[in-house]
Amino acid sequence: MESDTIISLQHVHKEFDGVTVVEDFNLDVKRGEFVTILGPSGCGKTTTLRMIAGFELPSTGKILLNGEDISLLPPYKRPVNTVFQHYALFPHLDVYDNVAFGLKMKKVPVQVKGKDGSLKTKMKRIPMKEIDERVTRALQIVDLEDMEDRDVNTLSGGQQQRVAIARAIVNEPQVLLLDEPLSALDHKMRKDMQLELKEMHKKLGITFIYVTHDQEEALTMSDTIVIMNDGIIQQAGTPEDIYNEPINAFVADFIGESNIYNGTMTRKLKCRFIGATWDVIDDFPVNEKVDVVIRPEDVIIGEPGNGNVDGKIASKLFQGVHYEYVVNVGKNEVICRDTKNREVGSKVSLSVEKENIQVMHKELSVNQYTDAWIDASGKLHIGEASFECDLGQLLPGAIVEDCRLTDPKSRLTYDLNDADVVAEVDLDKIDLSDDLSIGSDTGTIIASVWIGDHYRYIVRTEEEEDYVAVSPYSWNEGDQVSVTIKKEDIRLRLKSDIDTYKGKGE
Ligand SMILES: Nc1ncnc2c1ncn2[C@@H]1O[C@H](COP(=O)(O)OP(=O)(O)OP(=O)(O)O)[C@@H](O)[C@H]1O
Ligand SMILES: [Mg+2]
């Protein structure tokens, strides 16, 4: 019986000169499926496609086609064709001959009777009649049957792209690989071609593996979307799954517009973020720090006091069908959509159905403090604690005096007193100690995990700020520790443009 899976990538790993560009890639593609690999520039999409086509070999791992290992098979022996981003048509041939070219060159094995009557396999050219039938069919599928005799130089971008696709499908591949085939087209033509490609996929009934960095394109066309970042699959699923149930903050941010907040689970199925407690349906341990994602269209705007939290409309943008509002809730911004016209500055309430609040594991690779700020003496405040920091990183070359930065070239001064910043500290740059008289902050160890050769601790302060630190030393949950961070280990980012602070206080 034929299996459902046509292509299977198993633990595929690719390095160039010792640099990993695709890491432990595992994917089963079903027969007839439209799979899209989506991700930012440089994440390894083309490299993955080139390995499927055979133009690159995996450093380790296997690629199976119909259950057989094809990892080492040369490209021309794979029943796979590729449409590249930069397709080159033959400028001196017309549409028909561009599509027929490959078939005219090709020799196929046929059985012939030798003089002694025995059957022999001979390589022969494809008969002209068959070429003609196949080219005509391919041109029908891409909707160019009336343009057979046209000079390719007189075609529009979209028509040229269709010739390139016809040239690939005329070989009757089992799998068609498409690497950003629409990226050279303008917006309108792209939209049209997206629908046409989807139609072609239906008519042909073969498997498409499509690469793009355009999330809208991926959502419209695919049966399955595979989201990649830094060579690693982040999530694979249907467009609906990925949009509604993003697995981490990267996916949520990459697909569609989202509000993303730091949250804390306060009780079972209760999560606290943007200064309010919300009912949620994802069950995480109490005290766990989480990422929370809410889509703008899921925020319900109401009269003040009638929702879960109150805020003030900071801006609005008419977008045709609806208005997009930014509502300030304390220091947080909530992007919302609503068809009703409301005044900027007016007070509103916000609520969200609990099914529409997506709670996700926080990735604990770095400590990030999004509510940090700078005081008049140039110190960084995280919760109630203050830390020495290097403000110079916000304007390289600047002279720093307390909270003021001066650009020696332009002589402009920036006053960062009270400026909101995002501060980041790596886990291994936080020092914990039993000596509570040292350091900038103190807290209680609320969680500890042994990770191979070190512990990872979560230290929570009375103000409910968390420091996640790694250490070879052992503490127990409930122990009090002090927290020290070196000035040079704190990375800062201003929340507003630095020009906002120009000349202030002079
Ligand atoms: N032949 C090569 N030698 C060395 N490095 C390479 C080679 N091919 C690709 N890379 C590197 O591998 C990484 C992934 O490249 P790839 O072309 O797969 O990205 P991509 O996701 O297709 O990006 P884009 O959206 O910009 O096309 C990049 O850092 C790239 O520079
Ligand atoms: Mg690419």
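Two strands are taken to pair if DSSP finds at least two bridges between them, and both strands (E, at least two residues) and helices (H or I, at least four) are DSSP runs numbered from the N terminus. The model is a predicted one, in which local features need pLDDT of at least 70 and side-chain atom pairs count only at pLDDT 80 or more, while totals for chains, interfaces and linings use all residues. Residues are numbered from 1 along each chain as its sequence is written, and chains are lettered from A and ligands numbered from 1 in the order in which they are written.

Five strands form an open sheet in the order β25-β24-β23-β29-β35, with antiparallel pairing. Strands β25 (385–387) and β35 (491–494) stand at the edges with a single partner strand each, so one side of each is left without a neighbour in the sheet. From one strand to the next, the twist averages 35°, where axes are lines fitted to C-alpha atoms (for helices, over the stretch in contact) and angles run from 0 to 180 degrees between N-to-C directions. Within this sheet, β29 (residues 420–426) is joined to β35 by four bridges in the antiparallel sense, and Ala423 stands opposite Leu492 in β35.

Elsewhere in the chain, strand β13 (residues 259–267) has antiparallel pairings with two strands. Six bridges link β13 to β16 (residues 289–294), with Gly263 opposite Val290 in β16. Three bridges link β13 to β14, where Met265 faces Cys271. The β13 and β14 strands form a hairpin with two residues between them, and Leu269 in the turn has a positive phi of about 60°.

Two further loop residues deserve a look for their backbone angles. Asp17 lies in the loop between β1 (5–16) and β2 (19–30) and, although not a glycine, has a positive phi near 45°. Ile274 sits in the loop between β14 (270–273) and β15 (276–279), and its phi, near 40°, is likewise positive in a residue other than glycine. Burial is counted from C-beta atoms placed from the backbone: a residue is buried if 20 or more others lie within 10 Å of its own, exposed if 12 or fewer, and partly exposed in between. Asp17 has 4 C-beta neighbours inside 10 Å and therefore counts as exposed, whereas Ile274 is buried because 22 other C-beta atoms lie within 10 Å.

Buried residues also gather into cores. A nonpolar core is here a set of buried Ala, Val, Leu, Ile, Met, Phe, Trp, Tyr and Cys residues joined through C-beta atoms within 7 Å. The largest has 85 residues, and those with the most contacts inside it include Val99, Ala166, Leu176 and Val226. Helix α4 supplies the largest share of this core, six residues. A second, separate core of 32 residues includes Ile374, Cys389, Ala423 and Tyr501. In soluble globular proteins, nonpolar side chains tend to be buried together.

Leaving out residues up to four places away in sequence, Val226 touches Leu27, Val35, Thr36, Ile37, Leu38, Ile233 and Ala236. Helix α2 (residues 95–105) has Val95, Asn98, Val99, Ala100 and Leu103 as its buried residues, and these pack against α3 and α4 (157–169). Ile131 belongs to helix α3 (residues 128–141) and counts as partly exposed, with 18 C-beta neighbours inside 10 Å. Beyond its neighbours within four places in sequence, Ile131 is in contact with Ala100, Leu103, Lys104 and Ile126.

Ligand 1 is surrounded by Phe16, Val21, Gly39, Ser41, Gly42, Cys43, Gly44, Lys45, Thr46, Thr47 and His213, a residue being near a molecule if its C-beta atom, placed from the backbone, lies within 6 Å of it. Helix α1 (residues 45–53) gives the most to this shell, with three residues. By class, the shell has three nonpolar, seven polar and one charged residues; Ala, Val, Leu, Ile, Met, Phe, Trp, Tyr, Cys and Pro count as nonpolar, Asp, Glu, Lys and Arg as charged, and the others, Gly among them, as polar. Ala53 also lies in α1, and is in contact with Pro75, Arg78, Val80, Thr82 and Leu177, not counting residues up to four places away in sequence.

Conventions. Contact = placed C-beta atoms within 7 Å.
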